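Please read them against the structure.

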Amino acid sequence: METLKLSKPIMINGEEVTELPYDFENLTAKDKLNASKKMKAAGIPLSIPETDPDYHLYLFAEAVCKVNSAIDITDIMRMSAKDADKAASIARSFFYLNLAE
């Protein structure tokens, strides 16, 4: 489990949160499918998973929810744009960089 330190705190369940723990190692195939389903439900089309920053952000949200089920995707979507970019980059790095290994 790792943690993303937020550059701008967000309110989650009545508390100011300055960091979000996440866990990609324990995500399942179902969790990845849930990220896609949540994107579609929000009206966001999925393009190429390897390069889609929206999908990467939803994967990050799933990794956060894996650590703390009291956090919802709507909580994650209140992050600043800067923090969202960092979160998406973390997910992309975990899943898609160095695929040739």
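1. In this predicted model, helix H2 has 15 residues, which at 1.5 Å a residue should span 21 Å. The C-alpha atoms at its ends are 22 Å apart, which agrees.

2. H2 is largely enclosed by the rest of the structure, because 11 of its 15 residues are buried. The buried residues are Tyr55, His56, Leu57, Tyr58, Leu59, Phe60, Ala61, Glu62, Ala63, Val64 and Cys65. Their packing partners are strand S1 (2–12), strand S2 (15–22), H1, helix H3 (73–76) and helix H4 (81–96).

3. The axes of helix H1 (residues 29–41) and helix H2 (residues 53–67) come within 9 Å and cross at roughly 125 degrees. That angle makes H1 oblique to H2. The crossing of the two helices is right-handed.

4. On the H1 side, the contact is made by Asp31, Lys32, Asn34, Ala35, Ser36, Lys38 and Met39. H2 contributes Asp54, Tyr55, Tyr58, Leu59, Glu62 and Lys66. By class, the residues of this contact are five nonpolar, two polar and six charged.

5. Glu62 deserves a separate look. This residue lies in helix H2 and has a relative accessible area of 6%, so it counts as buried, the cut-off being under 20%. Leaving aside residues up to four places away in sequence, Glu62 touches Leu27, Asp31, Asn34, Ala35 and Lys38. Among these, Asp31, Asn34, Ala35 and Lys38 are also listed for H1 in its contact with H2.

Definitions and conventions. Residues numbered from 1 in each chain as written. Predicted model: local features only at pLDDT ≥ 70, side-chain atom pairs only at ≥ 80, totals over all residues. Heavy atoms only, no water. Axes fitted to C-alpha atoms, helices over the stretch in contact; angles between N-to-C directions. Helix = DSSP H or I, 4+ residues; strand = E, 2+ residues; numbered from the N terminus. Parallel < 35°, antiparallel > 145°, perpendicular 65-115°, else oblique. Left-handed = near helix turned anticlockwise from the far one by under 90°. Contact = heavy atoms within 4.5 Å. Nonpolar A, V, L, I, M, F, W, Y, C, P; charged D, E, K, R; others polar. Expected span 1.5 Å × (residues − 1). Buried < 20%, exposed > 50% of the residue type's maximum accessible area, 1.4 Å probe, protein only.
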